[in-house]
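Subject: Structure handover

Hi,

Here is the structure we talked about. Please load it before you read on.

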Amino acid sequence: MATTFIKNGWYAAAWTEEIGPQLIERWICGDPLVMFRDRDGKAIALDGTCPHRSYPLALGRLKDDVLECGYHGLAFGTDGRCVRAPGGEPVQPAMRVRSYRLVERGGLIWIWPGDPALADASKIVDWWLTDPAWTTVHDTKLVNARQSLLIDNLMDLTHEASLHMGTLGNAAVIETPLITETLPDHVRATRMMLDIPPPGLFAQMGLSGTIDRGQVAEFHPPGLCLTIVTAKPRTENAPTLRWTVLHALTPETEDRTRYLWATARDYALDDERISDIWLTQTNSIFDQDVAALEAQEQRLRATPKPIELSVAADAGALAARKMLRTWPQ
Ligand code: FES
Ligand SMILES: [Fe+2]
């Protein structure tokens, strides 16, 4: 498997609270990086490999905004330039590591692994993470599967009716046709399920009777899927509940994906019980996905020429693949 990563795009690198004054290693698009915060609290990401003898820089030391390699002591500033060579030797211009463009917003640290001149922070799709009218819970899964399998999973939500039956799925999910649209910068697959009983997780949100369930799956290249949900009770005057799940899918290597997820809702904003339900249930539902994705990855690795037969419900996932194939790298 030889993966070409799309580097000119924003990927979620970490949650804000993961990055502090200690050095941590994080892989993005096949490259190891070292991340930390400087004395002003600004998040920094540098190439994670020492240009002297390839020692991991995350195993080094950070002091007064200078990162010293733990092997022979080459030292780098937060801009990646070498500031000190061992034994007081003159610093060679090539002794530098790349410093990456980061944007910290809405609890996430986004990274642009490609050409910094093309990085445009207005292209990050995250408005509900920063809007005070929404409240969020979040967590991370490290998945031993290629990123494309996660995109397939999230753009074909018919799997809810088998993998997540009882929480997210019921018969309406498979019985309702999908409308797929390819827009200039994202793909959208919509399913409107009218007058249906609320699935288990919806009932835990207090929904009863029958509801109109709107389910929109979006893919924003190179690594963001959204699940946008509306649940409108058929009962008169009952409020419509809305939630959006952000799935930031960051390829670490060709067969490992960091999956940073957040569920944002526009109701019961301060209700800790509802937040707990979202955190616990989303984690357990996504554990079901992770198990399926890892089994799929194992099988694909063991099968040189896998068969792939598509059905109508794959339309969103196929449109996402097509957009990715033509997306600038
Ligand atoms: S490997 Fe880093 S200084 Fe030698
Ligand atoms: Fe799922």
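The model is predicted. Please read every value as computed from it.

**Domains**

The chain splits into domain 1 (11-123) and domain 2 (127-326). Their centres, taken over C-alpha atoms, are 33 Å apart. The contact involves 12 residues of domain 1 and 13 residues of domain 2. On the domain 1 side, β1 (11-15) and β2 (24-28) each supply at least two of the touching residues. β1 gives the most, with four residues. By class, that side of domain 1 has eight nonpolar, three polar and one charged residues.

Strand β3 (residues 31-37) pairs with β4 in the antiparallel sense, over five bridges. Arg-37 has Ala-43 in β4 as its bridge partner. Five residues lie between the two strands of this hairpin. In the turn, Gly-41 has a positive phi of about 85°. Strand β4 (residues 43-47) is mostly covered, with four of its five residues buried.

The loop between β4 and β5 has two residues to look at. Ser-54 is in that loop. Its phi is positive, about 65°, although Ser-54 is not a glycine. Ser-54 has 9 other C-beta atoms within 10 Å, so it is exposed.

Gly-60 lies in the loop between β4 and β5 (61-63) too. Is Gly-60 buried or exposed? Gly-60 counts as buried, because it has 22 C-beta neighbours inside 10 Å and the cut-off for buried is 20 or more. Leaving aside neighbours within four places in sequence, Gly-60 is in contact with Leu-23, Leu-67, Glu-68, Cys-69 and Gly-70. Gly-60 and Ile-44 are 16 residues apart in sequence, and their C-alpha atoms are 15 Å apart in space.

Asp-64 sits in the loop between β5 and β6 (66-68). Asp-64 is exposed, because 6 other C-beta atoms lie within 10 Å. From Asp-64 to Leu-309 is 245 residues along the chain and 57 Å between C-alpha atoms.

Helix α6 (residues 315-326) has 12 residues. From first C-alpha to last it reaches 17 Å, close to the 16 Å expected at 1.5 Å a residue. Which residues of α6 are buried? They are Gly-316, Ala-317, Ala-319 and Ala-320. These residues cover an arc of only 160° around the axis, so they are on the same side of α6. In general, an α-helix has 3.6 residues a turn, so residues three or four places apart point the same way. The face of α6 turned away from the buried side carries the exposed residues Lys-322, Arg-325 and Thr-326.

What covers the buried residues of α6? The cover includes α2 (147-155), β12 (179-182), β13 (187-196) and β14 (211-220).

- α2 is itself mostly covered, with eight of its nine residues buried. Among the buried ones are Leu-149, Leu-150, Ile-151 and Leu-154, but also Asp-152 and Asn-153.
- β12 and β13 pair in the antiparallel sense over four bridges. A hairpin of four residues joins β12 to β13. Glu-181 stands opposite Arg-188 in β13.

**Domain 2: single residues**

Ile-285 is in helix α5 (residues 272-302). Ile-285 is partly exposed, because 17 other C-beta atoms lie within 10 Å. Not counting residues up to four places away in sequence, Ile-285 touches His-164, Thr-167 and Leu-168. Ile-285 and Ala-319 are 34 residues apart in sequence and 25 Å apart in space, C-alpha to C-alpha.

Please check two backbone features when you prepare the model. A cis peptide bond joins Pro-221 and Pro-222, with omega of about 5°. Pro-222 lies in the loop between β14 and β15 (224-233). Asn-237 is not a glycine, yet it has a positive phi of about 70°. Asn-237 is in the loop between β15 and β16 (241-253). With 5 other C-beta atoms within 10 Å, Asn-237 is exposed.

Best wishes

Terms used
Residues are numbered from 1 along each chain as its sequence is written. Chains are lettered from A and ligands numbered from 1 in the order in which they are written. This is a predicted model: local features need pLDDT of at least 70, side-chain atom pairs count only at pLDDT 80 or more; totals for chains, interfaces and linings use all residues. The expected span of a helix is 1.5 Å times one less than its number of residues. A residue is buried if 20 or more other C-beta atoms lie within 10 Å of its own, exposed if 12 or fewer, and partly exposed in between; C-beta atoms are placed from the backbone. The arc is that of the directions from the helix axis to the C-beta atoms. Two residues are in contact if their C-beta atoms, placed from the backbone, lie within 7 Å. Domain bounds come from an automatic or database domain assignment. Ala, Val, Leu, Ile, Met, Phe, Trp, Tyr, Cys and Pro count as nonpolar, Asp, Glu, Lys and Arg as charged, and the others, Gly among them, as polar. Two strands pair if DSSP finds at least two bridges between them.
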